[in-house]
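Welcome! Have a look at the model, and then read on.

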Amino acid sequence: LMMMLMLRSLSRSWVGRRRCGAMMVRCMSSSSSSSSSSVSASRRSSRADEGSGAVPVIDLAAFFDGTPGGKQKVAYEVGRACEEIGFMTIVNHNVPQSTIDDMDRVTRKFFDMPDEAKREVEMTEEYPYGYNGFQEENLGAGYGEEMLPDLKECMAIGPYNPKAGMGPILWPSQPPEFKEVWLNYYKTMEQLASNMLRLFALALDQDEEFFEDKIDEHRSALRALNYPETKEGEFHPDQLRAGAHTDYGSLTILLQDEVGGLQVLNKENKWQSVPYIPNSYVINIGDLMARWTNDKWVSTLHRVKPKRPRRQSIAFFHNINGDHLVHTIDSCITPDNPSKYEPIKAWDHLMQKHLESTSAANTAKKE
């Protein structure tokens, strides 16, 4: 399909005022009937089931030391996390603290600007990135959740590499340092994603560079989310900061602040809180990686529960080359567990998930 047609097709996924392009910038909200019932049931029981400690903390220092034994040790921990819950918190990730601080500072300055200034570059039918305003998105819509918009606003950019085929980035003029800081952070996350995929390859008994030729024209998105301070009784008691969803792509790298609120639905169908750890990142795999591994690894539902203080998070949604044909990885196939999936191009998978979400969201809206 021509790129313009693909971008225009995204507009059909909107629920409420502004949904076009959301699939591209967040790569979220895969939907199925079983997921819908699971989320609804778990939401009703979430107050009693909240807990913490399910997401492992993994130190990457041994990987960066470069010894085969150190790399294998970390890869084993990563693989186990991907199998058991699909989430992990990483420390000693080699991202400079100054890069993190600059990104946090400039992003907060952006969200502190007047609404009109933030809308200088908006998400539209033609441009699937840019600014998306407060309560203009509902991540839970594709799962039959109540039609309550998320208590957040967002800003996003796409790939800077023209070979990715997504067109040039449209940059806001304010704050003045926005472009420099965001582009530097994007490139830093690009490298961290590459390192994580090297660990994924080792964990899957592949050559360490297995994914390298599949990500040189990746279509990843960098998205910042601001959750403004709220007052008691100001919004519906069931309204979430981000509704329950999974991510579509290969992996997500999340920087969260000390406010926290991120929760993961574990195998016992209970919401587990992901605690804030200074100078760490939260990593989770997406639906494409789960498919690639024949569901050996799990793409897990997650949400952001309501809290009163302001919260900011910054997510890098990694998507591989759009034209890469994804076959089930051979180490994930056994005589007792043959491949469940036909080969599919990564972009077609993304569009397929988008259409499933659209159908579920439209059904939920009618009901």
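## A first look around

Asn92 has a relative accessibility of 41%, so this residue counts as partly exposed. Its place is the loop between strand S3 (87–91) and helix H6 (97–111). The backbone is worth a glance here too: phi of Asn92 is near 55°, a positive value in a residue other than glycine. Keep in mind that this is a predicted model.

Asp295 also has a positive phi, near 65°, and is not a glycine. You will find Asp295 in the loop between helix H9 (287–292) and strand S12 (302–304). With 33% relative accessibility, Asp295 counts as partly exposed.

One more backbone feature involves a proline. Gln174 and Pro175 are joined by a cis peptide bond, with omega at about -10°. Pro175 sits in the loop between strand S5 (153–157) and H8.

Now for the wider view. The protein has 10 helices and 15 strands. Of its 367 residues, 57% count as buried. Its accessible surface comes to about 15200 Å², and carbon and sulfur atoms account for 50% of that. Among contacts between residues at least 6 apart in sequence, 80% join residues at least 24 apart.

What lies inside? In soluble globular proteins, nonpolar side chains tend to be buried together. The largest nonpolar core here has 64 residues, and those touching the most other members are Met88, Met196, Phe200, Phe211, Leu222, Ile253 and Tyr281. Helix H8 (residues 178–203) gives the most to this core, with 15 residues. Leaving out residues up to four places away in sequence, Phe200 touches Val78, Cys82, Phe211, Leu251, Ile285, Met289 and Trp297. A second, separate core of 10 residues includes Val55, Ile85, Phe87 and Phe317.

Which residues does Lys118 contact, beyond its neighbours within four places in sequence? They are Phe110, Phe111, Met113, Tyr131 and Glu153. Lys118 belongs to helix H7 (residues 115–118), and its side chain makes a polar contact with the side chain of Glu153 at 2.9 Å.

Methods
Residues numbered from 1 in each chain as written. Predicted model: local features only at pLDDT ≥ 70, side-chain atom pairs only at ≥ 80, totals over all residues. Heavy atoms only, no water. Helix = DSSP H or I, 4+ residues; strand = E, 2+ residues; numbered from the N terminus. Polar contact = N/O pair within 3.5 Å; in protein donor to acceptor, adjacent residues only side chain to side chain. Contact = heavy atoms within 4.5 Å. Buried < 20%, exposed > 50% of the residue type's maximum accessible area, 1.4 Å probe, protein only. Areas by Shrake-Rupley, 256 points an atom, 1.4 Å probe, with all protein chains shown as cover. Core = buried A, V, L, I, M, F, W, Y, C linked by side-chain atoms within 4.5 Å.
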